[in-house]
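Please read the points below alongside the sequence and the coordinates.

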Amino acid sequence: CAKKISQNLYDAGISLNAMELPFIGKRGLRIGLNEVTRLGMTASEIKEIAMIFYDVIVEGGIEAPRDKVRLLRKRFPQAKFCLPGNLDVAPVLIDAL
């Protein structure tokens, strides 16, 4: 079931992982919110994403949720929280070790 839901969400434009849940022994979905927050999304957009999940998982839609994902993604075209492209962090990391 988790693998099928994962595939349907992927088809709608949402990438996540279907994986074994620790201590339970069943498969579930790993949802990483760090990427959407890195893009600058807030609780308001997380609610939109939750509704897209509902549309795919409960309602069985793909096309309409995909359109919603595209529109949401257009509002956040680039990452807001990341290292500058010209910053070489390797020396800093090596010095820290």
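The points that follow go from the basis of the model to the whole chain and then to its parts.

1. The model is predicted: local features need pLDDT of at least 70 and side-chain atom pairs count only at pLDDT 80 or more, while totals for chains, interfaces and linings use all residues. Residues are numbered from 1 along each chain as its sequence is written, and side-chain values use heavy atoms, with hydrogens and water left out.

2. The chain has five helices and two strands, taken as DSSP runs (helices H or I, at least four residues; strands E, at least two) numbered from the N terminus. Along the sequence, these elements follow the pattern α-β-β-α-α-α-α.

3. Of the 97 residues in the chain, 24% are buried (buried is under 20% relative accessible area, exposed over 50%, partly exposed in between; 1.4 Å probe, protein chains only). The accessible surface of the chain comes to about 7300 Å², and carbon and sulfur atoms hold 60% of that area; accessible areas come from the Shrake-Rupley method with a 1.4 Å probe, and for residues only the protein chains shown count as cover. Among contacts (heavy atoms within 4.5 Å) with a separation of 6 or more, 52% are between residues 24 or more positions apart.

4. Helix α1 spans residues 2–11, and its buried residues are Ala-2, Ile-5, Ser-6, Asn-8 and Leu-9. Seen down the axis of α1, these buried residues fall within an arc of 165°, so they line one face of the helix; the arc is that of the directions from the helix axis to the C-beta atoms. Lys-3, Lys-4 and Tyr-10 are exposed on the other side of α1. The buried residues of α1 pack against β1 (17–20), β2 (27–30) and α3 (43–57). Gly-13, with a positive phi near 105°, follows α1.

5. Strands β1 and β2 run antiparallel and are joined by four bridges (two strands pair if DSSP finds at least two bridges between them). Glu-20 has Arg-27 in β2 as its bridge partner. The hairpin of β1 and β2 has six residues between the strands, and Phe-23 there takes a positive phi near 70°.

6. A nonpolar patch on the surface is formed by Met-51, Tyr-54, Ile-57 and Val-58, with about 380 Å² of accessible area together. Patches are made of residues with over 30% relative accessible area and no salt bridge, like charges being joined within 9 Å and nonpolar side chains (Val, Leu, Ile, Met, Phe, Trp, Tyr) within 5 Å; a salt bridge is a side-chain nitrogen of Lys or Arg within 4 Å of a carboxyl oxygen of Asp or Glu. Met-51 lies in helix α3 and, at 49% relative accessibility, counts as partly exposed.
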